[in-house]
Amino acid sequence: MLQLNNIHKIFEAGTINENHVLKGLNLKVEKGDFISIIGGNGAGKSTLMNVISGNLTPDLGDIQLNGQDITKAKIIERSKYISRVFQDPKMGTAARLTIEENLAIAHKRGQKRGLDWGVKEHHKEQYIKALEELDLGLEQRLKTDTQFLSGGQRQALTLLMATLVRPEILLLDEHTAALDPKTSEMVMRLTDKLVQKQQLTTIMITHNMEHAIKYGNRLVMLHQGQVAADIKKDQAKPLTVKKLMELFQKSSGQELISDDVILGS
Ligand SMILES: Nc1ncnc2c1ncn2[C@@H]1O[C@H](COP(=O)(O)OP(=O)(O)O)[C@@H](O)[C@H]1O
Ligand SMILES: [Mg+2]
């Protein structure tokens, strides 16, 4: 469904700060795949997402979506079929707008925006139903500004907004990393629920190896701008954090260092 062929990205080319981040990366994503991506800091994970979303254009290589070349398609064009959730819960919702207003904006993803973010009465029921699925009581707070929500509630709402209009591809860039462990688990369970329900093709970057093992049907390890390992979970023996650390060390010659890796399993 989504294919990245020989993607190169070089920042500040030709200067002393030249940084060749993506080095001939190849990735083939099948419809319905839920891929967890891990890799050390600076491996190029976010750059990869930026290239998929159109925030960055690759210097070499091409991106195909359903057989169409989208390498040069604009961000706004891609936002019709690609949704993205970032690490910072503040980025996903407009703080001074209410929950229902935020949902109304999300409802128009991919359409011309204009200034009309008013909430249509006949859409409200859909919003309430969607919020009920979060199980956070937010359906009782339609008129609350999102600035008054906790980080976890905001990230849950952001996920709902990203999937309210079904995206062809959902990109999650360490979307639980800024949350406390318990909230992070809650948001991950919710993520899985939303992904399964709509059978969304999903690419998730995570620092949490247990999440990478537990969620998704594929685990991709990125190292120095290339795919160092691509594990199809149903064809592999059950993974453990220890095995994953070893595999990373073997394929990269480096240790995977991460603060929130939970050792001992
Ligand atoms: N827009 C940019 N301009 C210049 N350098 C960048 C830009 N985005 C990322 N980089 C650099 O590319 C490298 C990889 O970054 P990134 O993809 O964010 O890594 P990761 O998400 O795997 O930690 C880093 O050295 C980073 O400084
Ligand atoms: Mg990153």
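The model is predicted. Four of its strands form an open, antiparallel sheet in the order 2-1-4-5. Ligand 1 is surrounded by residues that include Asn19, Gly42 and Gly44. A search of the whole structure finds nine salt bridges, and three of these are treated individually below.

- Strands of a sheet pair through backbone hydrogen bonds, and the pairing may be parallel or antiparallel.
- In this sheet the order of the strands is 2-1-4-5, and the pairing is antiparallel.
- Strand 2 and strand 5 stand at the edges with a single partner strand each, so one side of each has no neighbour in the sheet.
- Strand 1 and strand 2 are joined in the antiparallel sense by eight bridges. Within this pairing, Leu4 has Leu27 of strand 2 as its bridge partner.
- On the way along the sheet, strand 1 (residues 2-11) is also joined to strand 4 (residues 60-65) by five bridges, and these two strands run antiparallel. Here Leu2 has Leu65 of strand 4 as its bridge partner.
- Strand 4 pairs in turn with strand 5 (residues 68-69) over two bridges, again in the antiparallel sense. Leu65 stands opposite Gln68 of strand 5.

**The surroundings of ligand 1**

- The residues around ligand 1 are Phe11, Asn19, Val21, Gly40, Asn41, Gly42, Ala43, Gly44, Lys45, Ser46 and Thr47.
- Strand 2 (19-29) and helix 1 (45-53) each supply at least two residues of this shell. Helix 1 gives the most, with three residues.
- The side chain of Asn19 has an N or O atom 3.1 Å from an oxygen atom of ligand 1.
- The backbone also takes part: a polar backbone atom of Gly42 is 2.8 Å from an oxygen atom of ligand 1, and a backbone N or O atom of Gly44 lies 3.0 Å from an oxygen atom of the ligand.
- Of the 560 Å² of accessible area that ligand 1 has on its own, the protein covers 60%.

**Salt bridges**

- Side chains of opposite charge can pair when their charged atoms come close.
- Glu121 and Lys124 form a salt bridge through their side chains, with an N to O distance of 3.5 Å. Both residues lie in helix 5 (residues 121-134), three residues apart, which is about one turn of the helix.
- The side chains of Lys197 and Glu133 meet in another salt bridge, at 2.6 Å from N to O. This pair links distant parts of the chain, as Lys197 is in helix 7 (residues 181-198) and Glu133 is in helix 5, 64 residues apart.
- Lys197 is exposed, at 57% relative accessible area, while Glu133 is partly exposed, at 24%.
- Arg218 forms a salt bridge with Asp230, and their closest N and O atoms are 2.7 Å apart. Arg218 is in strand 9 (residues 218-223) and Asp230 is in strand 10 (residues 226-232), 12 residues apart.
- Arg218 is buried, at 3% relative accessibility, whereas Asp230 is partly exposed, at 32%.

- Asn102 is located in helix 4 (residues 99-107).
- Asn102 has a relative accessible area of 1%, so it counts as buried.
- Beyond its neighbours within four places in sequence, Asn102 is in contact with Thr93, Ala94, Leu97, Thr146 and Met161.

Definitions and conventions. Residues numbered from 1 in each chain as written. Chains lettered and ligands numbered in written order. Predicted model: local features only at pLDDT ≥ 70, side-chain atom pairs only at ≥ 80, totals over all residues. Heavy atoms only, no water. Salt bridge = Lys/Arg side-chain N within 4 Å of Asp/Glu carboxyl O. Buried < 20%, exposed > 50% of the residue type's maximum accessible area, 1.4 Å probe, protein only. Contact = heavy atoms within 4.5 Å. Pairing = 2+ DSSP bridges. Near = heavy atom within 4 Å. Polar contact = N/O pair within 3.5 Å; in protein donor to acceptor, adjacent residues only side chain to side chain. Areas by Shrake-Rupley, 256 points an atom, 1.4 Å probe, with all protein chains shown as cover.
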